[in-house]
Amino acid sequence: MTQHTEMALNAQEVEILHECDELTLDFTSLNKDSISVIPPQCVVIGYGDLCDAFLSLCVEKEHSYVLEVSQLLPQDFVSLKGHLGAFNLRFKNALGEIESLQTAQVVCFAPLDLPECKGVHRPNMYESANQMLQALLGFCGEQSYERNIIFDPTHCQFQLRRPLANGESVCHSCVDICPTIGITSDKNARVLELSAIDCIACGRCVSVCPTGSVQRQGDGLEAFTYKVRLYKHYIPLVVGREVFEDSEFIENLKILKEQNPLILPFVLSVPDMLNSVYFLTLLQESGSPIILYTPLGKHTNADKDSINEIYQRIFSSIAIMELSEIDDISILKPLPQSHYVYTPRENESSKDIFAERMRFWIKQESYGKVKIQGFGILGINAEQCTLCLSCVEACNTKALVNNQSRFELLYKPALCTDCGYCVASCAEQVLSLESSSLVLEEKSFAYTPIASDEPFRCVECDKVFATQKSINKIKQILLPSFGSDSLKLRILGCCADCKVKVMFEG
């Protein structure tokens, strides 16, 4: 924080901002900073005069680095994966067989589909061949970078989850929105791969993750909660770190403070990381509406609109406003009835946090259905459900669980990510999903039974081993082929142990 910024705030406000900075450091890993040694290697893909001129520059003795240069014809190129210093290039050899080559950097003079990342160079990125060479040499040697993104695969909707019948994954939002190759997916291994050296810390992946599996160092949901808690009785003015340190912002802050002394900057390194859970946390812990000093990216609009709609229905007020949209900033004030303190527990997904926070606002009231991305309303034909529990096994956010003592299928809508895995896994095809929807009522934030059945007891030992509906369905399928065979008919009502016994006795 600059001295000029402190002049616009009183001592208590300055202390709050300092404490926020300390919390960021407290929740930042000591291993955040990393160094990689990039060897002087490159593969040049292409041919022709431009390519030949660049290759000639690469082997000139005057350069401080002696580059290990290899040339590859465009027609032999197969694929490129990896990152600066550790690229894996696959190509066809003279026999038409596919080989792999490890290289630190790639220069391409052909219109090939290569990732946009550090260490991949194209002529149209530079004014001259010499400038491109200098950029390539500049990457050689020690390269320092920061690990800004933390990934916890526990609730990830992609990691190690089988694809749908059409081969598609149910979620790859972080990969789709990443402007570099900071996050990529290996569709064969079903894993996400993070490249810290290519990450530009834009925060968009954090914003679009439906379960909070991707978070920022120092700005994760736990750290964020503790920071926002300091803003009780203040109106948070969300501003990016770079803008906050600009002299123009300081002058504008002075004017805003004169109009409404409750306004206090809430500084984020990347405000574009905000989504519905972060917005809800900021609103509840501060107990005040939020002002955005600068507009956020378009990818946050849907979440911002949804939270505004919910806030309007409950409190008849607007929750999140851009500064340019406010006619009279002096009338803004905290809303005590919106205040709620909740500390995230270890291993909680962002869905769990959202459900608990929203439950406090809803209480026993009903505010209708709202459109909100990353949520879904599950429909079920309860009569035909056999409680096989395939849907429970498919759900990794525990939106669906089974009550073993009462043979019930329980559902908590607020934990649903709208992934559709339960629908795709249902053997009976009795499930349906209404996407991007949530009903603002008490039962959406608690487990309620959506299907149930009676226990079926073994006809030999009287032990419960299945449900009535599942056994009845098996009987419907097999009875025509069993005919009047009394032994086979009896086996249908036996548990696994008794089935063997009856078969041998028969």
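Helices H11 and H12 are roughly parallel to each other, a class that covers angles under 35 degrees, with over 145 counted as roughly antiparallel, 65 to 115 as roughly perpendicular and the rest as oblique. H11 and helix H12 (residues 350-362) pack at an angle of about 25°, with their axes 11 Å apart. This is a predicted model, in which local features need pLDDT of at least 70 and side-chain atom pairs count only at pLDDT 80 or more, while totals for chains, interfaces and linings use all residues. Residues are numbered from 1 along each chain as its sequence is written, and side-chain values use heavy atoms, with hydrogens and water left out.

**Helix H11 against helix H12**

- The contact (heavy atoms within 4.5 Å) is made by Ile-307, Ile-310, Tyr-311, Ile-314 and Phe-315 on the H11 side, and by Phe-354, Met-358, Trp-361 and Ile-362 on the H12 side.
- By class, this contact of H11 with H12 has nine nonpolar, no polar and no charged residues; Ala, Val, Leu, Ile, Met, Phe, Trp, Tyr, Cys and Pro count as nonpolar, Asp, Glu, Lys and Arg as charged, and the others, Gly among them, as polar.
- Helices (H or I, at least four residues) and strands (E, at least two) are DSSP runs, numbered from the N terminus.
- Axes are lines fitted to C-alpha atoms, for helices over the stretch in contact, and angles run from 0 to 180 degrees between N-to-C directions.

**Helix H10 against helix H11**

- Helix H10 (residues 276-286) and helix H11 (residues 301-315) have axes that come within 9 Å and cross at roughly 40°.
- H10 and H11 are therefore oblique to each other.
- The crossing in which H10 passes H11 is right-handed; a crossing is left-handed if the near helix is turned anticlockwise from the far one by less than a right angle, and right-handed if clockwise.
- Ser-276, Phe-279 and Leu-283 of H10 make the contact with Asp-303, Lys-304, Ile-307 and Tyr-311 of H11.
- The residues of this contact of H10 with H11 divide into four nonpolar, one polar and two charged.

**Helix H10 against helix H12**

- The axes of H10 and H12 come within 10 Å and cross at roughly 40°.
- That angle makes H10 oblique to H12.
- H10 passes H12 in a left-handed crossing.
- On H10, Ser-276, Val-277, Leu-280, Thr-281, Leu-283, Gln-284 and Glu-285 meet Ser-350, Ile-353, Phe-354, Arg-357, Met-358, Phe-360 and Trp-361 on H12.
- The contact of H10 with H12 has, by class, eight nonpolar, four polar and two charged residues.

**Nonpolar core**

- The largest nonpolar core has 94 residues, of which Phe-354, Trp-361 and Leu-400 touch the most other members.
- A nonpolar core is a set of buried Ala, Val, Leu, Ile, Met, Phe, Trp, Tyr and Cys residues joined through side-chain atoms within 4.5 Å; buried means under 20% relative accessible area, exposed over 50%, and partly exposed in between (1.4 Å probe, protein chains only).
- Not counting residues up to four places away in sequence, Trp-361 touches Leu-280, Leu-283, Gln-284, Ile-310, Tyr-311, Ile-314, Phe-315, Ser-338 and Tyr-367.

- Arg-190, although not a glycine, has a positive phi of about 60°.
- Arg-190 belongs to the loop between strand S11 (183-186) and strand S12 (191-194), and counts as buried at 10% relative accessibility.
- Leu-387 also has a positive phi, of about 55°, although it is not a glycine.
- Leu-387 sits in the loop between strand S18 (366-380) and helix H13 (390-394), and counts as buried at 12% relative accessibility.

**Individual buried residues**

- His-121, in strand S8 (residues 120-121), is buried with a relative accessible area of 1%.
- Apart from residues up to four places away in sequence, His-121 touches Gln-105, Val-106, Val-107, Cys-108, Tyr-126, Met-132, Ala-135, Leu-136 and Phe-139.
- Phe-77, in strand S4 (residues 77-83), is buried with a relative accessible area of 15%.
- Beyond its neighbours within four places in sequence, Phe-77 is in contact with Ile-45, Leu-72, Leu-89, Arg-90, Leu-112 and Leu-114.
- Ile-329, in the loop between strand S17 (320-322) and H12, counts as buried at 6% relative accessibility.
- Ile-329 and Ile-291 are 38 residues apart in sequence and 9.5 Å apart in space, C-alpha to C-alpha.
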